[in-house]
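Please look at the sequence and the model together before reading on.

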Amino acid sequence: MAVDWIDDVKKYAPKADDAVLEKMLKTYKLALSKPDAAYVSFSDPAELKTVRENFLKKKLGLTESDDKLDASIEAVGEKMKDGGKNGRLAVYYLLAEKYNKLDVFK
């Protein structure tokens, strides 16, 4: 069964920008097609480091301390604690939204 990544994001951000979502979907299409890369494991320190380094710092250009960035990732993890899998697109959207960086995907 195929996952509807946009619906997954809208569970957490009901007013998510469709244009941004479409761009993000294209950007992360390859990662989302691989089961082990499509989800973020909030209990895996190596995974969280990847989100911080590759998404928050490289993609969004954030320069806050690792501790502050890690706290933001943790806050998104708390928001998504509904027992389901944590889709990478939803995690990335919520982080970009938190830092007012959705324009990166426009």
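**The start of helix H1**

Which side-chain oxygen reaches to within 3.1 Å of the backbone nitrogen of Ile6 at the start of H1? That oxygen belongs to Asp4. The model is predicted: local features need pLDDT of at least 70, side-chain atom pairs count only at pLDDT 80 or more, and totals for chains, interfaces and linings use all residues. Residues are numbered from 1 along each chain as its sequence is written, and side-chain values use heavy atoms, with hydrogens and water left out.

**The buried face of H1**

Helices here are DSSP runs (H or I, at least four residues), numbered from the N terminus. H1 covers residues 5-12, and its buried residues (under 20% relative accessible area, 1.4 Å probe, protein chains only) are Trp5, Ile6, Asp8, Val9 and Tyr12. Seen down the axis of H1, these residues fall within an arc of 160° (taken from the directions from the helix axis to the C-beta atoms), so they line one face of the helix. They pack against helices H2 (18-27), H3 (29-32), H5 (66-79) and H6 (88-98).

Leu21 lies in helix H2 and is buried, with a relative accessible area of 0%. Not counting residues up to four places away in sequence, Leu21 touches (heavy atoms within 4.5 Å) Ile6, Val9, Lys10, Ala16 and Tyr93. With the same exclusion, the contacts of Tyr93 include Val9, Ala13, Val20, Leu21 and Leu102.

Note on methods
Buried < 20%, exposed > 50% of the residue type's maximum accessible area, 1.4 Å probe, protein only. Helix = DSSP H or I, 4+ residues; strand = E, 2+ residues; numbered from the N terminus. Polar contact = N/O pair within 3.5 Å; in protein donor to acceptor, adjacent residues only side chain to side chain.
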